[in-house]
Amino acid sequence: MNIDEVRGLSHDELVKELAEQQRGMMNLRFRKATLQLQDSSELKTTRRTIARIRTVLREREIAEALQS
């Protein structure tokens, strides 16, 4: 998920997607620990997607605070 896709989501969708990505990250960690993870780059892409979502949420929070 690239930054343009993330910015196109609403706040509720972002929160839902963040929870889903975090759940997926936990599953990837378990798979890595049990040596069942085939593609270790999935960890990197999931971690970056989580960071993008958090960044957009924070940007919107700051913008809202400045408007008030």
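How many Å² does the accessible surface of the chain come to, and what percentage of it belongs to carbon and sulfur atoms? I looked this up before anything else. The accessible surface comes to about 5300 Å², and 50% of it belongs to carbon and sulfur atoms. I note here that the model is a predicted one.

**Entry: overall shape**

I went through the secondary structure next. The chain has three helices and zero strands, and from the N terminus on its elements run α-α-α. I then looked up how spread out the chain is. Its radius of gyration is 14 Å, whereas the globule rule gives 11 Å for 68 residues. The value is well over the rule, so I wrote the chain down as more spread out than a compact globule. The C-alpha trace spans about 50 × 15 × 15 Å along its principal axes.

Buried residues make up 22% of the 68 residues. Of the contacts between residues at least 6 apart in sequence, 68% join residues at least 24 apart.

**Entry: helix 3**

I turned to helix 3, which covers residues 41-67. Helix 3 has 27 residues. From its first C-alpha to its last it reaches 39 Å, close to the 39 Å expected at 1.5 Å a residue.

Which residues of helix 3 are buried? I found Leu-43, Thr-46, Thr-49, Ile-50, Ile-53, Val-56 and Leu-57. What covers them includes helix 1 and helix 2. Helix 2 runs over residues 11-33.

Thr-46 has a relative accessibility of 11%. The cut-off for buried is under 20%, so Thr-46 counts as buried. Leaving out residues up to four places away in sequence, Thr-46 touches Gln-21, Met-25 and Leu-28.

**Entry: the nonpolar core**

I listed the largest nonpolar core, which has 11 residues. They are Val-6, Leu-14, Leu-18, Met-25, Leu-28, Leu-37, Leu-43, Ile-50, Ile-53, Val-56 and Leu-57. Helix 2 and helix 3 each supply at least two residues of this core. Helix 3 gives the largest share, five residues.

**Entry: salt bridges**

How many salt bridges are there? I counted two. As background, side chains of opposite charge can pair when their charged atoms come close.

I looked up the exposure of both partners. Arg-7 is partly exposed, with a relative accessible area of 43%. Glu-59 is partly exposed as well, with a relative accessible area of 36%.

An α-helix has 3.6 residues a turn, so residues three or four places apart point the same way. Arg-58 counts as partly exposed at 45% relative accessibility. Glu-61 is also partly exposed, with a relative accessible area of 46%.

Note on methods
Residues numbered from 1 in each chain as written. Predicted model: local features only at pLDDT ≥ 70, side-chain atom pairs only at ≥ 80, totals over all residues. Heavy atoms only, no water. Salt bridge = Lys/Arg side-chain N within 4 Å of Asp/Glu carboxyl O. Helix = DSSP H or I, 4+ residues; strand = E, 2+ residues; numbered from the N terminus. Buried < 20%, exposed > 50% of the residue type's maximum accessible area, 1.4 Å probe, protein only. Expected span 1.5 Å × (residues − 1). Contact = heavy atoms within 4.5 Å. Core = buried A, V, L, I, M, F, W, Y, C linked by side-chain atoms within 4.5 Å. Rg over C-alpha atoms; globule rule 2.2 N^0.38 Å. Areas by Shrake-Rupley, 256 points an atom, 1.4 Å probe, with all protein chains shown as cover.
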